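Keep the viewer open while you read.

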Amino acid sequence: MKDLRPSVVPAGSRSAVLGDGYEDSADRIWTSSGDGTGFHVLTAVAKDGYRWKTAATLSEPGFDTDTWIGNVCVTASGKRAAVAYAPRTFTNKSEMMTRGAFTAVVDLTSGKVTKLPFPATLGYFSPGCGTGEDAVFSQFTDDDSERNETRLIRVDSARGAAGKTLTLNGQVTSAVPVGRDIVAARGSSLARVDADGSVHTIGETVAVPGEDGRDAADHHAAGGRGTRLHRQHRRGREHPRRQVERHVQRRDARQRGQPEVHRELDVRPVGVQRRIPSPVRGVPERRQVGGGLDQQPGQPAVEGQPHPVPGELRAQGRLLARRAPAGLAVPGEGHRLGGPPISAMFAPGDMQAGYRAAWWNSDTLRTGAKPAEDLFCDSSNNCNPGKIGENDSNDQGKGACELDDPSSSIRLYCWWNKDVKWKDCDDGAQCGNPVHRFDDTYPEQPDGNAYPPRCQAEIPSGTYIVDNLPDGTRPAGSDLRTCGNVSSAGSFTFDFDTPSGKMDLHQIGAAYGNHFWFSHTRKASDSDGARLKTTGTWSLGYEMTQWVRIMVHLPDHGAHTQQARYEIDTGNGTFSRNRTIGQKRGTNEWVSLGAYNVNGKPRVRLSNTTLDGTGSEDIAWDAVAFQPLLGKPKHMVAVLGDSYSSGEGAGDYSFESDKDHGTSEWNGCRRSDNAWGRKLVLPGMTESVGADTDGWGYDAELGFAACSGAMTKNVATVPSGNVPQKHKEGQFNEVLQVDSGVLSSDTTLVMLTLGGNDEGGFAGAMMECSNITSCVSDSFMADKKAIVDRMIPDLRAVLEKIAAKADKAQIVLMGYPELLSRSVKCAGSWYIDMPEVEALAELVNYADAEQKKMVDDLRANSGLKIEYADPVNAFVGHGGCDDPEWINKIVVGPAGDGDFHDGDPAAEPASCLWGLTGGRCISRESFHPKNAGTTGYADVMKKRLGEIGYT
């Protein structure tokens with residue numbers, strides 16, 4: 001059933017739900033979760049309606065695990081979290097549980113992660129935070145160690161610095177910093193640990209926590225110092241974070257007249273904080289609790305998690321487990337706390353629980369899973385069932401056990417030592433039925449068909465394919481999922497800079513031929529990058545002496561990097577050419593690396609080192625293809641620049657350039673199939689550049705690197721500075737466009753638009769003129785023209801760098817059109833008046849004129865083969881609000897996964913708060929040419945190329 005509850009407090013309801021002044025509140029809530037990608041720390045703040053955002057994702061490279069788990073505490077300021085995290089598989093080994101967790105401090109505001117240089121226990125009580133900015137991590141010895149000791153490491157979270165390690169005898173748990181000291185539980189006592197490691201007992205426990213008649217928030221340290229162990233909510237209410245954990249302690253007891261020692265499990269809640277304000281609840285809801293509910297007697301809990309405990313279970317006349325204190329809501333009759341529910345992906349988009357709850361034949365039988373209260377109490381064990389009731393007690397002499405003498409200093413218990421049966425599981429079918437994924441009656445699970453392989457190449461015949469396995473190899477699989485034996489026209493080899501690289505090399509049965517390899521990207525300058533560098537090389541087994549198009553096959557998953565740098569040896573033994581592309585395509589796809597004049601045996605190589613590698617993004621090695629051509633393609637075209645070249649506004653964006661908004665993998669370059677550079681029909685061609693290239697034709701080869709939002713500094717380095725834009729806008733994780741490999745001495749034509757985004761020039765002008773007040777003023781025009789003047793030297797530097805790389809190419813810089821109609825006032829709730837339209841048009845014409853002047857100077861005085869194309873006249877009568885209209889007006893987004901989305905950090909400058917969009921963001925498509933507009937642009941370029949004699 002679909003969960004209809006909102007994921008965020010709606011904007012219109014926030015004052016009513018959160019109270020007046022919520023916009024100014026610093027209140028923050030947090031939680032954590034884990035999956036195969038890492039352990040996630042999430043936060044939400046009041047002023048955003050408590051919309052959840054991932055502050056940080058923690059993981060370490062080289063671990064093959066289905067889920068990362070961990071424990072978190074937050075410091076008193078609410079700004080930082082101390083985290084212990086590890087692969088779930090660490091719970092299988094005691095030494096990893098006790099001292100194997102990785103540790104870090106997370107800044108909940110910025111998301112900065114400071115990793116700490118020591119491991120810690122995976123116990124629920126570590127780390128512990130106090131009333132300041134310090135946290136304490138615990139580290140135990142494991143069960144096989146000869147020593148029984150605890151190490152406590154105090155960390156200053158503000159600096160990310162660890163203090164002196166304190167080594168204590170025995171087990172010390174639940175340690176929290178209090179002033180300069182540490183307060184912790186040690187056996188049955190509450191202890192203070194001084195900075196030098198000396199331990200002082202503050203007090204002994206006298207009863208089950210929560211029953212001693214005192215508030216757990218107010219304990220007194222030695223010397224009469226009051227120590228507040230809980231935090232106050234910033235607005236005066238008690239802080240809503242509440243935790244209930246179960247503690248299991250073994251205790252020996254001797255019964256009068258019986259020589260042997262009996263053991264019992266004393267299950268009790270610890271650390272309960274009371275006075276919980278309504279409506280806050282300190283326990284997860286049913287869907288958030290992984291597997292503890294509805295578990296049948298005798299069925300084990302999920303690996304690494306405690307067993308569930310019924311709400312109130314009595315045995316031997318003694319209360320073994322009590323309900324939580326009044327005011328703490330505990331859903332269900334059995335409950336456990338711990339990490340998130342274990343789940344796994346069965347198929348794309350199909351996540352299923354790793355734990356399946358038991359089922360009963362009726363609700364009555366399910367209720368009967370709990371034995372009757374007097375079942376373990378009769379005369380055979382000196383227990384009086386008549387004393388079991390609501391008012392009985394564990395206090396000495398007040399329970400049902402008649403051996404427990406209140407005048408004696410020795411406590412005796414009424415042990416039960418006989419078999420007992422309260423349900424008929426066999427003939428009566430009264431017990432729960434477990435749901436097993438596999439048992440000895442199940443056949444082996446058949447292969448699924450998620451991410452089916454590509455068995456047919458579907459590229460021009462006569463193309464040589466070099467696969468990633470030796471010729472004749474049959475990848476593992478079944479008859480239901482196979483492409484047969486590998487057919488490879490060459491060889492593929494791996495080179496590892498050190499043997500450690502093999503640890504991070506993986507293979508998957510999918511993509512071309514049902515097999516590919518993948519690793520994770522890392523920086524070459526990092527120690528891990530040098531140690532784990534892996535390079536795969538495809539070598540064609542045939543000599544070639546001709547022009548060849550080289551393609552690479554990219555898998556539909558397991559390939560994410562935006563900086564896969566393929567190096568190409570054209571047959572002379574050196575890798576002299578390169579091409580950098582994004583690998584995440586969402587489908588099995590062949591992608592061209594360009595056309596090359598080959599003389600010998602060509603090779604292609606790819607390593608896992610990138611400029612942005614962190615060990616978190618996949619990079620894949622699949623197949624490479626070599627397509628013989630009739631000769632050099634007549635037109636070797638490169639399209640660079642900003643959104644007016646990428647085709648923003650015309651729709652049909654390529655997957656790799658329109659994806660993953662609001663994440664580290666975001667790419668909003670938005671290269672459109674309808675971009676004017678692809679629509680252009682060049683001399684001697686019967687179809688467009690895009691159509692010929694898509695069909696693996698012989699007339700053209702297109703290198704398309706333009707990116708929506710690009711400034712001059714995203715195309716090449718510029719004199720004014722090269723600090724990346726906020727949120728990596730205009731380049732995202734791609735390399736500089738001139739470094740992408742689309743430019744060379746073979747290039748015949750370079751086309752681009754560029755400069756309008758520098759210093760937010762055009763976008764800032766549109767926003768100012770869309771306000772209620774008029775933007776028309778001398779200062780407005782002076783400020784905006786000054787931005788153009790500062791942009792021109794940077795654009796000049798970019799064009800010079802393009803000409804240096806594509807030294808034989810014709811370069812054409814295209815200008816910008818006037819955006820809005822000069823004759824038709826836009827209808828609706830628009831604030832742009834006709835005088836403002838004229839001011840915007842004047843700014844466009846000024847920028848175009850300055851660009852043309854600079855181009856003419858480069859051609860006349862620097863000898864560059866460069867021209868300028870002006871689209872203004874062609875767009876007269878086709879601006880926004882004209883009919884027919886070639887330019888979008890305001891478009892309410894998102895229009896694609898790479899577009900601005902409400903809640904994304906990058907959406908703030910996209911004017912999500914203009915008031916014109918009902919709280920939604922204005923799309924990147926706004927004020928850009930629509931499909932008809934890119935056709936108009938292509939016609940302008942075709943005409944200009946004819947005028948300058950490009951053939």
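Cys881 is buried, at 14% relative accessible area, where buried means under 20%, exposed over 50% and partly exposed in between (1.4 Å probe, protein chains only). Its partner is Cys826, with the two sulfurs 1.6 Å apart in a disulfide, a term that covers any pair of cysteine sulfur atoms within 2.5 Å. Cys826 is buried too, at 9% relative accessibility. The torsion about their S-S bond is about 100 degrees, so this disulfide is right-handed. The pair links distant parts of the chain, 55 residues apart: Cys826 is in the loop between strand E41 (810-814) and helix H10 (834-861), and Cys881 is in the loop between helix H11 (872-875) and helix H12 (931-948). Helices (H or I, at least four residues) and strands (E, at least two) are DSSP runs, numbered from the N terminus.

A word on provenance: this is a predicted model, in which local features need pLDDT of at least 70 and side-chain atom pairs count only at pLDDT 80 or more, while totals for chains, interfaces and linings use all residues. Residues are numbered from 1 along each chain as its sequence is written, and side-chain values use heavy atoms, with hydrogens and water left out.

The whole structure has eight disulfides, including these:

| Disulfide | S to S distance |
|---|---|
| Cys425 to Cys431 | 1.7 Å |
| Cys455 to Cys483 | 1.9 Å |
| Cys826 to Cys881 | 1.6 Å |

The Cys425 and Cys431 link is left-handed, with -65 degrees about the S-S bond. Cys425 is partly exposed at 45% relative accessible area, whereas Cys431 is buried at 16%. For Cys455 and Cys483 the torsion is about -75 degrees, so that disulfide is left-handed. Cys455 counts as partly exposed at 36%, and Cys483 counts as partly exposed at 22%.

Now for the rings. The structure holds 27 aromatic pairs; rings of Phe, Tyr and Trp (its six-membered ring) pair if their centres lie within 6.5 Å, with planes under 30 degrees apart counted as stacked, over 60 as edge-to-face and the rest as tilted. Phe492 and Phe494 are edge-to-face, at 4.9 Å centre to centre and 85 degrees between the planes.

Trp666 is buried at 8%, and Phe900 is buried at 12%. What sits over the ring of Phe900? That's the charged end of Arg924, 4.8 Å from the ring centre. Such a charge is NZ of Lys or CZ of Arg within 6 Å of the ring centre and within 35 degrees of the ring normal. Arg670 lies over the face of Tyr653 at 4.2 Å.

Finally, the cores. The largest nonpolar core has 77 residues, and Leu682, Leu743, Val750, Leu799 and Ile802 touch the most other members. Helix H9 (residues 778-805) gives the most to this core, with 10 residues. A nonpolar core is a set of buried Ala, Val, Leu, Ile, Met, Phe, Trp, Tyr and Cys residues joined through side-chain atoms within 4.5 Å.
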